[in-house]
Amino acid sequence: EEKKRLSYEQKLQAAEHSFAKKILEIAIEKRSNLIASADFISTKELLDFADMVGPHIVALKTHIDILNDFDADSTILPLKDLATKHNFLLMEDRKFADIGNTQELQFSYGTYKISNWADLVTSHVIGGSKSLDCFMSVGVVAILGMSSEGTLTDSHYREEALKIIETHPSIIGCVAQNQISDQLLLFTPGVNLAKGGDDKGQQYNSPEHVIRNYGTDFIIVGRGIYKADEPEQEALRYKNEGWQAYQDCVSK
Ligand code: 5IU
């Protein structure tokens with residue numbers, strides 16, 4: 001079931017949300033649909049990695065709460081500088097999943113003050129549409145389906161979740177392992193060229209598979225890049241594979 005897809009230029013024309021426009025502009029400029037997941041536990045590793053792969057990515061996906069040495073001044077300030085230097089967005093993979101009031105607090109307060117620095121945040125939609133109203137200043141990437149074995153995001157859940165996702169103005173797209181409508185941007189993790197999975201339930205596909213079969217706009221790659229012997233070379237490889245697959249699909 002190969003999908004004829006819209007180009008990033010066409011999606012940019014149709015985009016309404018400022019962060020949807022931004023990520024599409026970066027994709028076009030860098031000829032990249034790669035998001036690197038930077039799942040590091042130290043600030044130094046995070047910053048070194050961001051500087052190294054920065055030129056090749058549209059966004060850096062963080063799990064800011066796994067850093068052992070998080071500090072607003074020494075983690076976030078340099079990270080923002082690197083995002084500016086290399087022109088990529090900061091996507092905090094927070095996976096909010098609470099009532100609106102609690103999410104509002106988690107978004108702006110506590111140790112990480114995500115609203116101060118993130119361009120994109122991930123959120124479940126399990127709390128219902130109004131629970132997402134607190135994310136007005138960012139682009140929300142809503143979680144429709146997960147990549148892990150046995151996930152509860154079955155077709156009924158996704159059908160109901162899509163109703164929320166398609167109507168909420170803060171949502172620019174979703175994380176999923178299946179095709180969705182052209183109006184939303186599709187982000188797909190669980191991408192790896194060397195492995196089929198890990199021993200903790202993760203399931204992998206190739207960049208080409210997800211771009212061709214799901215119409216993925218942005219591939220999210222973690223260990224495939226940051227665990228490689230030469231992460232920069234590997235980032236370039238995923239970038240090129242992803243862009244080639246996109247071009248093949250658009251030109252059909
Ligand atoms: N991630 C997934 N699958 C999902 C969602 C998020 O893997 O369905 I939602 C995150 C978890 C990790 C990254 O931060 O994407 C994938 O990392 P690896 O490429 O190392 O498996």
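## Strand β3

Strand β3 (residues 89-96) is mostly covered, with 7 of its 8 residues buried (20 or more other C-beta atoms within 10 Å of a residue's own, the C-beta atoms being placed from the backbone). Strands here are DSSP runs of E with at least two residues, helices are runs of H or I with at least four, and both are numbered from the N terminus.

This is a predicted model, in which local features need pLDDT of at least 70, side-chain atom pairs count only at pLDDT 80 or more, and totals for chains, interfaces and linings use all residues. Residues are numbered from 1 along each chain as its sequence is written.

## Pairing and crossovers

β3 pairs with β2 in the parallel sense over 4 bridges; pairing requires that DSSP finds at least two bridges between the strands. Met91 in β3 stands opposite Lys61. From β2 the chain crosses through α4 to β3, a right-handed β-α-β crossover (with the strands pointing away from the viewer, the path from the first strand over the helix to the second runs clockwise).

Strand β4 (residues 120-123) also pairs with β3 in the parallel sense, over 3 bridges. Glu92 has Val121 in β4 as its bridge partner. A right-handed β-α-β unit is made by β3, helix α5 (residues 100-108) and β4.

## Helix α3

In helix α3 (residues 43-53), the residues Leu46, Phe49, Ala50 and Val53 are buried. They lie on the same side of α3 because they cover an arc of only 100° around the axis, the arc being that of the directions from the helix axis to the C-beta atoms.

The cover over the buried residues of α3 includes β1 (34-38), β2 (59-62), α4 (72-86), α8 (223-226) and α9 (231-250). Contact here is defined by C-beta atoms, placed from the backbone, that lie within 7 Å.

Notes: A residue is buried if 20 or more other C-beta atoms lie within 10 Å of its own, exposed if 12 or fewer, and partly exposed in between; C-beta atoms are placed from the backbone. Two residues are in contact if their C-beta atoms, placed from the backbone, lie within 7 Å.
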